[in-house]
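Hi everyone, thanks for coming.

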Amino acid sequence: MSIRLNDDAAYVATLREGLRRKDGHCPCRLERTAETRCPCKEFRLQMADPDFEGWCRCRLYYKSKD
């Protein structure tokens, strides 16, 4: 398994600014809870799934099975 950032540097910079403004919570979510702290609970569960390959909800991270 490997986790990588989106290859689009401008997109990553925009998301990181959003994370900064929301105190580390996913910028694509309205609520600020432990579940939305980046990486969000949804993606943490996907990372634990050996069969999952794909993007987190906001497309900041990509998990590959290799």
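Let me begin with a question: where is Asp23 found? Asp23 sits in the loop between α1 and α2. Before going further, a word on what we are looking at. This is a predicted model, in which local features need pLDDT of at least 70 and side-chain atom pairs count only at pLDDT 80 or more, while totals for chains, interfaces and linings use all residues. Residues are numbered from 1 along each chain as its sequence is written, and side-chain values use heavy atoms, with hydrogens and water left out. When I say helix or strand, I mean DSSP runs numbered from the N terminus: H or I of at least four residues for helices, E of at least two for strands.

Back to Asp23, then. Its phi is positive, near 55°, in a residue other than glycine. Asp23 follows α1, and at 52% relative accessibility it counts as exposed. For that word, the cut-offs are these: buried is under 20% relative accessible area, exposed is over 50%, and partly exposed is in between, using a 1.4 Å probe and protein chains only.

The loop between α1 and α2 also holds Pro39. The peptide bond from Cys38 to Pro39 is cis, with omega near -5°.

Now for helix α1 itself. Asp8 caps its N-terminal end, with a side-chain oxygen 3.1 Å from the backbone nitrogen of Ala10. That is a polar contact: a pair of N or O atoms within 3.5 Å, where within protein one must be able to donate a hydrogen and the other to accept it, and residues adjacent in sequence count only if both atoms are side-chain atoms.

Which residues of α1 are buried? They are Val12, Leu15, Gly18 and Leu19. Seen down the axis of α1, these buried residues fall within an arc of 120°, so they line one face of the helix. The arc is taken from the directions from the helix axis to the C-beta atoms.

Let me pick out Arg21, which belongs to α1, residues 9-21. Arg21 has a relative accessible area of 53%. From Arg21 to Arg37 there are 16 residues in sequence and 12 Å in space, C-alpha to C-alpha.

On to the sheet. In what order do its three strands lie? The order is β1-β3-β2, in an open sheet with antiparallel pairing. β1 (2-5) and β2 (54-55) stand at the edges with a single partner strand each, so one side of each is left without a neighbour in the sheet. Two strands pair here if DSSP finds at least two bridges between them. Four bridges join β1 to β3, residues 61-64, and Arg4 stands opposite Tyr62 in β3. Between β2 and β3 there are two bridges, again antiparallel, and the partner of Gly54 in β3 is Lys63.

Those two strands, β2 and β3, form a hairpin with five residues between them. At 40% relative accessibility, Arg59 counts as partly exposed.

Is Asn6 buried or exposed? Asn6, in the loop between β1 and α1, is buried, with a relative accessible area of 16%. Its side chain reaches the backbone oxygen of Arg59 at 2.9 Å. Not counting residues up to four places away in sequence, Asn6 touches Tyr11, Val12, Trp55, Arg59 and Leu60.

Conventions: Contact means heavy atoms within 4.5 Å.
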